[in-house]
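Here is a short report for someone meeting this structure for the first time. Please keep the sequence and the 3D view at hand while reading.

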Amino acid sequence: MTAYSEAQQVGQGAVRAAILDAATHLLVTEGPGALTVRRISGEVGCSTKVIYTLFGAKEGLAEALWLEGFARFERALLAGRRDADPLIRLSECGIAYRAYALAEPEYYRVMFQGALPGFVPSAGAVAAARRAFDILYADVAACLEAGRLRGGTAQEIADLLWMAAHGATSLELSGHIGAAEAERRYVTLCASVLRSFLPDSDSLSLPGTPVLSGGPVMPGSPLLSDTRDERTPPA
């Protein structure tokens, strides 16, 4: 049974997802030249008419790839956010960023690494993509309002976190950082960015990592400890 036949049993949304998954795989593994309607239809097992009906011309398919990647990214960032502490939610957002990139490397390359040469997203597509960044911005703003972060604007802190997460993740996906070291170095980098904005007496633990404490660094005193701060955030 082809991917198209399987998707038909679920519905049009599944057919659309199967086509987009095949397109991103061809794009990343074989390059932009492989991104033709005929080649994609052959990979999925559907007619070219199905692709034209769903996406229109090749440009419509390219924008659909961009939008699908950011839609999945947004869902990943929002998943499992139950902690009342905004600083923990922000930390989990950082962990979710890397997890998404590792789970969906082909879409990540479409979204952030120029896998679609010459593609210029429409204003509507840019606005949709912006929603993912707005999640990070809102988390930072909530931390500032609760007193869990200080010393910067929400825009500044969110930008720095995004830059750190993107840089580290892109290096890992490109094979420049080994898998054994990548996770530890990623969380240390993100926590180090946040540490610059922690109140002196506060501390931070990204899930699965030690705590980084705020305040000035004293000679010989470690930044890392083995316990997680469970204090209730200030009202």
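At 4% relative accessibility, Asp139 counts as buried. Buried means under 20% relative accessible area, exposed means over 50%, and partly exposed lies in between, with a 1.4 Å probe and protein chains only. Asp139 is found in helix α8, residues 123-146. Its side chain makes a polar contact of 2.6 Å with the side chain of Arg81. A polar contact is a pair of N or O atoms within 3.5 Å; within protein, one must be able to donate a hydrogen and the other to accept it, and residues adjacent in sequence count only if both atoms are side-chain atoms. Leaving out residues up to four places away in sequence, Asp139 touches Arg81, Pro86, Arg89, Leu90 and Cys93. Contact here means heavy atoms within 4.5 Å.

**How to read the model**

This is a predicted model, in which local features need pLDDT of at least 70 and side-chain atom pairs count only at pLDDT 80 or more, while totals for chains, interfaces and linings use all residues. Residues are numbered from 1 along each chain as its sequence is written, and side-chain values use heavy atoms, with hydrogens and water left out.

**Overall build**

The protein has ten helices and three strands. Helices (H or I, at least four residues) and strands (E, at least two) are DSSP runs, numbered from the N terminus. Along the sequence, the pattern reads α-α-α-α-α-α-α-α-α-α-β-β-β. Of the 235 residues, 43% count as buried. Take the contacts between residues at least 6 apart in sequence: 64% of them join residues at least 24 apart.

**The core**

In soluble globular proteins, nonpolar side chains tend to be buried together. Here the largest nonpolar core has 62 residues. Such a core is a set of buried Ala, Val, Leu, Ile, Met, Phe, Trp, Tyr and Cys residues joined through side-chain atoms within 4.5 Å. The residues with the most contacts inside this core are Ile19, Ile40, Phe73, Leu90, Leu136, Val140 and Leu149. Helix α9, residues 154-173, gives the largest share of the core, nine residues. Ile40 touches Ile19, Ala23, Leu26, Leu35, Ile51 and Leu61, not counting residues up to four places away in sequence.

Thr24 has its place in helix α2, residues 12-30. Thr24 is buried, with a relative accessible area of 0%. Its side chain reaches the backbone oxygen of Asp21 at 2.9 Å. Beyond its neighbours within four places in sequence, Thr24 is in contact with Leu65, Glu106, Tyr107 and Val110.

Ala154 is in helix α9. At 8% relative accessibility, Ala154 counts as buried. Ala154 touches Tyr137, Val140, Ala141 and Leu144, again not counting residues up to four places away in sequence. Asp159 also lies in helix α9. At 32% relative accessibility, Asp159 counts as partly exposed.

The table gives two pairs, with C-alpha to C-alpha distances.

| Pair | Apart in sequence | Apart in space |
|---|---|---|
| Ala154 and Tyr137 | 17 residues | 6.2 Å |
| Asp159 and Leu136 | 23 residues | 9.1 Å |

**Cysteines**

How many disulfides are there? The count comes to zero, where a disulfide is a pair of cysteine sulfur atoms within 2.5 Å. Cys190 is in no disulfide, and the nearest cysteine sulfur, that of Cys93, is 9.9 Å away. Cys190 counts as buried at 5% relative accessibility. Cys46 is buried too, with a relative accessible area of 10%.

**Cavity and pocket**

The structure holds one cavity of 30 Å³ or more. On a 1 Å grid over the protein atoms alone, a cavity is a set of points where a 1.4 Å probe fits but cannot get out, and a pocket is an open set with protein on both sides within 12 Å along at least five of seven lines; lining residues have an atom within 4 Å of a point. Grid points are joined across faces, edges and corners, and a volume is the space filled by probe spheres set on the points.

About 160 Å³ of space lies in the largest cavity. Of the 15 residues that line this cavity, the closest to its centre are Leu90, Cys93, Gly94, Leu136 and Leu161. Helix α6 gives the largest share of the lining, five residues.

The largest pocket holds about 170 Å³ of space. Among the residues that line this pocket are Leu27, Pro32, Leu35, Lys58 and Phe119. Helix α5, residues 58-78, gives the largest share of the pocket lining, three residues.
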